[in-house]
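Some labels attached to a structure rest on a value set against a cut-off. The questions below ask what lies behind several of them.

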Amino acid sequence: MRATTTVPPVATVGPPRLTAGFEEFGRLDLRAHEEVHGGVGPLSVNDLMRLGEAIDLKGRGGAGFPFHRKVKAVVDSADKQDKPVVVVVNATEGEPASWKDKVLLTRAPHLILDGAALAAFALEAEEIVIGVADDGVGGGSLSAALAERRMPVPTSIVTVPHRFISGEGGALVRGINGLPHIPPGVKVRASDSGVSGLPTLLSNAETFSQLAVAARLGPYEYCAVGLPDEPGTVLLTIGGSAARPAVVECPTGTPLRDILELCEAPVGPGLLIGGYHGKWITPEAVATVEVSRKGFTKVGGTLGAGITIPLGEGTCPLGEVARVVHYMAGESAGQCGPCRLGLPDMARTIDSLVIGSAAVDAVRAAASVIKGRGACSHPDGTSRFAISALDVFAEDLAAHAGGDGCGKPVKGVLPLPVDAPSGGTKRLSVDWTRCDGHGLCAHVVPEYIRLDANGYPAFPSSPVPVWLEPGARKAVNVCPALALRLSEGKSGH
């Protein structure tokens, strides 16, 4: 399965909140929005923080940082610097397996705008900026919603490339500031210096939508649904093996197995929760876990942005993992060692694991070199995804260890973008009738080419990442035997 631009259906378990009115109206224009949700009054900044704390509102983009603490940091920074505030809505949703924010953009855009307006009014913000992807999903709906209403401050939409790392907070801020859409390379808090160098409240589209619902309901009624220590509802994107893929709104505490049954999604050997920076969990864990941050953490998973991908039967688990790690290596900004060297090396090592020529310890060693050393969370998240697969797919690992494999094809159950996984289209290949194992290519572009045990070049079968194409061309040019090729199409390696 590859990612598409078709928004999946929406389902609910329990009374709908974010998805209220969908069944009746489809997309809620301003009139339908007000009929379903009613009006909402302004909040002071203290009321905003108290509401966020009372409902335990945490960011729904993946990191789960408490919203009220984020607001407090922005207020303190603005006071200290004597500067105005900017509110940024991150609706980019760059991960190919995630659809919840796009559902809100296309069907409930006024909820997102309500939340942003509440925050901007409370913070006396200078402007609101909403980041959306350039995939053509949601931007038109959001523009139409803005045309129907007045916002408390100037509000603009910024389009960013639909790439995995474009949704990272620092990358979005850089893109809004007119810089390349990649993480900044150093850790910079948006609350200190964000859009135009101003203190910036940056949060996810679902987070602002939850805020808009809570402002109408009040803390008591909002917390009447879900778990006492994690109240409210969450949006889950159910894909993978699901016969009926959907974005599902459910109260926290809902058994995950109930949602998978609703979507006709067999688990198979494991389920990925939290997306490609998330973790795999076992079928046994799926059978008992309830939807919540604490629930998934207890069984070794992470809720993240609510991406839920049961693998199902009939596909090679290790092959699926290898595809995604190659994609993630290509999606990096290529500006620090763990991304430039570590992720391609981990991709190669997992390839070797699939064909039975490497041990599990080699993958763990490759991941340990990456851990905690990246300029952003991308290397750590990718290694977390890969290592959790080793823990869950033990039987599959044993089948591959002998070199014969598990006998299953790689069906592509884990979705990747329709275009080239790395953002590039060119692949390296070797004419083995010419290659003499000089090794110069590996010295020129060590981030992508390594020498195997016999001294011959080894590299991933995926397209060369865009940021490595100049090095790959140079490697081709210096090959004394003229054995290396860089061209469109399938690898000859």
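Q: Leaving aside its neighbours within four places in sequence, which residues is Thr 233 in contact with?
A: In this predicted model, Thr 233, which is found in strand 6 (residues 233-238), is in contact with Arg 17, Arg 60, Glu 206, Gln 210, Val 225, Glu 249, Cys 250, Pro 251 and Thr 252.

Q: Why is Thr 233 called buried?
A: The relative accessible area of Thr 233 is 1%, and buried means under 20%, so Thr 233 is counted as buried.

Q: What makes Glu 126 partly exposed?
A: Exposed means over 50% and buried under 20%, with partly exposed in between; Glu 126 has a relative accessible area of 42%, and therefore it is classed as partly exposed. Glu 126 is found in the loop between helix 6 and strand 3, and, not counting residues up to four places away in sequence, it touches Pro 84, Val 85, Val 153, Pro 154 and Leu 198. Between Glu 126 and Leu 440 there are 55 Å in space, C-alpha to C-alpha, for a separation of 314 residues in sequence.

Q: Why is helix 15 called roughly antiparallel to helix 16?
A: Helix 15 (residues 360-370) and helix 16 (residues 378-392) pack at an angle of about 160 degrees, with their axes 9 Å apart. Angles over 145 degrees count as roughly antiparallel, which means that helix 15 is roughly antiparallel to helix 16. Their crossing is left-handed.

Q: Which residues make the contact of helix 15 and helix 16?
A: Helix 15 contributes Val 360, Val 363, Arg 364, Ala 367 and Ile 370, while helix 16 contributes Pro 379, Asp 380, Ser 383, Ile 387, Leu 390 and Asp 391. By residue class, this contact divides into 7 nonpolar, 1 polar and 3 charged.

Q: Which residues have the most contacts inside the largest nonpolar core?
A: Within this core of 54 residues, they are Leu 48, Val 71, Val 87, Ile 128, Ile 130 and Leu 201. Elements that give two or more residues to the core include helix 3 (45-54), strand 2 (86-91) and helix 9 (205-222), and helix 6 gives the most, with 10 residues. Another core, of 40 residues, lies apart from it, and has among its members Ile 309, Val 321, Met 346 and Phe 393.

Note on methods:
Residues numbered from 1 in each chain as written. Predicted model: local features only at pLDDT ≥ 70, side-chain atom pairs only at ≥ 80, totals over all residues. Heavy atoms only, no water. Axes fitted to C-alpha atoms, helices over the stretch in contact; angles between N-to-C directions. Helix = DSSP H or I, 4+ residues; strand = E, 2+ residues; numbered from the N terminus. Parallel < 35°, antiparallel > 145°, perpendicular 65-115°, else oblique. Left-handed = near helix turned anticlockwise from the far one by under 90°. Contact = heavy atoms within 4.5 Å. Nonpolar A, V, L, I, M, F, W, Y, C, P; charged D, E, K, R; others polar. Core = buried A, V, L, I, M, F, W, Y, C linked by side-chain atoms within 4.5 Å. Buried < 20%, exposed > 50% of the residue type's maximum accessible area, 1.4 Å probe, protein only.
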